[in-house]
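Subject: Structure handover and notes

Hello,

Please find the structure below, with its sequence. My notes come after it.

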Amino acid sequence: MSVEFLLTTLIVVITPGTGVLYTMSAGLSRGLIASLIAAIACTLGIVPHMVAAITGLAALLQANPLAFQILKYFGVAYLIYMAWGTFRDRSSLVVQEDAGPPSSVIRVILHGILINILNPKLTMFFFAFLPQFVDTTARDAFGRMVELSMIFMLATLLVFIGYGIFASAIRTKVISKPAMLMWMRRVFGVAFIGLAARLAFES
């Protein structure tokens, strides 16, 4: 594992995207436990893309524009659904001092996993990213790609947890002011729509 791989990985996972947005949203609206669950779920959502890249499915998607477009627009539709849910959610206006587990752990997990599964850019990223740091002609190329992918997932989990902890730490100050929380919810909703638009119009 090279320093270049670690630096590139950190830059990629620290850059705010859909998973970071969802993790912070969970932390702000429901607290620390929800943000940690969301971080784990978003990380698990990377697994199908990693497997697809390693087994060669990514090459098939890259060679088949129709398959890529179908998957891409499923992701766009899901992001729009997340935006709609963020705008209409009223329960987060109720402040609970002892937040405890979120009311629906399964819902948080499901959304976190789907939000990354339905992002085909992750498959393309792994397909283009891993070969740069692995000698694909070597006998242990498969094992090396698995190893680097696991490191990427671990870095993603740790960074997302950091974002979640930060969001939950400022939660009390944010949710103690209904107007502030309303503004934050609108910002997250608009951000989800922006991510959906970017995904829809990127080639």
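Predicted model: local features only at pLDDT ≥ 70, side-chain atom pairs only at ≥ 80, totals over all residues.

Residues are numbered from 1 along each chain as its sequence is written, and side-chain values use heavy atoms, with hydrogens and water left out.

Overall make-up

The chain has eleven helices and zero strands; helices (H or I, at least four residues) and strands (E, at least two) are DSSP runs, numbered from the N terminus. Of the 203 residues in the chain, 42% are buried (buried means under 20% relative accessible area, exposed over 50%, partly exposed in between, with a 1.4 Å probe and protein chains only). Among contacts (heavy atoms within 4.5 Å) with a separation of 6 or more, residues 24 or more positions apart account for 86%.

Packing of α3 and α7

Helix α3 (residues 32-44) packs against helix α7 (residues 105-117) at an angle of about 35°, and their axes are 7 Å apart. Axes are lines fitted to C-alpha atoms, for helices over the stretch in contact, and angles run from 0 to 180 degrees between N-to-C directions. On the α3 side the residues in contact are A34, I37, A38, A41, C42 and L44, and on the α7 side V105, V108, I109, G112, I113, I115 and N116. By class, this contact of α3 with α7 has eleven nonpolar, two polar and no charged residues. Here Ala, Val, Leu, Ile, Met, Phe, Trp, Tyr, Cys and Pro count as nonpolar, Asp, Glu, Lys and Arg as charged, and the others, Gly among them, as polar.

H111 is also in helix α7. H111 counts as buried because its relative accessibility is 11%. Neighbours within four places in sequence aside, H111 is in contact with Y22, Y78, Y81 and M82.

Aromatic pairs

The whole structure holds three aromatic pairs. Rings of Phe, Tyr and Trp (its six-membered ring) pair if their centres lie within 6.5 Å; planes under 30 degrees apart count as stacked, over 60 as edge-to-face and the rest as tilted.

- F5 and F133 are edge-to-face, 5.3 Å centre to centre with 80° between the planes. F5 is in helix α1 (residues 3-14) and F133 in the loop between α8 (120-129) and α9 (141-169), so the pair links parts of the chain 128 residues apart. F5 is buried, at a relative accessible area of 0%.
- Y81 and W84 are tilted, 6.3 Å centre to centre with 35° between the planes. Y81 and W84 are three residues apart in helix α6 (residues 65-88), and therefore about one helical turn separates them. Y81 is partly exposed, at 41% relative accessible area.

Salt bridge

How many salt bridges does a search of the whole structure find? The search finds one, between E147 and R144, with the closest N and O atoms 3.0 Å apart. A salt bridge is a side-chain nitrogen of Lys or Arg within 4 Å of a carboxyl oxygen of Asp or Glu. Both residues lie in helix α9, three residues apart. E147 is partly exposed at 37%, as is R144 at 22%.

Helix α4

In helix α4 (residues 47-55), the buried residues include H49, M50, A52, A53 and I54. G56 follows α4 and has a positive phi, near 105°.

Regards
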